[in-house]
Amino acid sequence: MTKSKTVIIAFWVVTSLFCLEMIFTAYWEWFTPQAAQAFARLGFPAASFRVELSVAKMLGVFSLLIPAIPTRLKEWAYAGFAFNLVSALIAHASIRDQHVAFAPSVITLLLGIGSYGLWRRSEHPQRSPVSAL
């Protein structure tokens, strides 16, 4: 197996896990009463923000999983996910939430960073990982 083929397989594995997590959180945020309570506890506006966030996550997931989507839109999707996950960490930290509350955001952020790095390497295999960022 060539290096570029290994990178592509790793990209799809990591990106699939990342997108599954994003789909799960989009569903949870939009449809569960526990999410409404969590958003209220974190100080976010209730229904409209949860729906907007869920729709944005679904559009981002589609842009990452559909190969024909232009590179610029994929970049925006990755940026949006990074803003979302970093904001979640800041929100939990601002209310001094339990350490357990940080785990999903941290794990998902690491998957997102891995997906982005592998995507850049698969798009430009001749570049080094550092120059791709």
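Leaving aside its neighbours within four places in sequence, which residues is Met22 in contact with? Here "contact" means heavy atoms within 4.5 Å. Met22 touches Lys57, Val61, Phe81, Leu85 and Thr108.

## About the model

This is a predicted model, where local features need pLDDT of at least 70 and side-chain atom pairs count only at pLDDT 80 or more, while totals for chains, interfaces and linings use all residues. Residues are numbered from 1 along each chain as its sequence is written, and side-chain values use heavy atoms, with hydrogens and water left out.

## The nonpolar core

Met22 also turns up in the largest nonpolar core, which has 18 residues. A nonpolar core is a set of buried Ala, Val, Leu, Ile, Met, Phe, Trp, Tyr and Cys residues joined through side-chain atoms within 4.5 Å. (Buried is under 20% relative accessible area, exposed is over 50%, and partly exposed is in between, using a 1.4 Å probe and protein chains only.) The members touching the most others are Phe18, Met22, Leu64, Tyr78 and Phe81.

Two or more core residues come from each of α1 (3–31), α3 (47–65), α4 (71–94) and α5 (102–123). Helix α1 gives the most, with six residues. Helices here are DSSP runs (H or I, at least four residues), numbered from the N terminus.

## Ser115, a buried polar residue

Now look at Ser115, in helix α5. Ser115 is buried, with a relative accessible area of 0%. Its side chain makes a polar contact of 2.6 Å with that of Thr15. (That's a pair of N or O atoms within 3.5 Å; within protein, one must be able to donate a hydrogen and the other to accept it, and residues adjacent in sequence count only if both atoms are side-chain atoms.) Beyond its neighbours within four places in sequence, Ser115 is in contact with Phe11, Val14, Thr15 and Tyr78.

## The largest pocket

A pocket is found on a 1 Å grid over the protein atoms alone: it's an open set of points where a 1.4 Å probe fits, with protein on both sides within 12 Å along at least five of seven lines, and lining residues have an atom within 4 Å of a point. The largest pocket is lined by 27 residues, with Trp28, Glu29, Ala88, His92 and Ser105 nearest its centre. Helix α4 supplies the largest share of that lining, seven residues.
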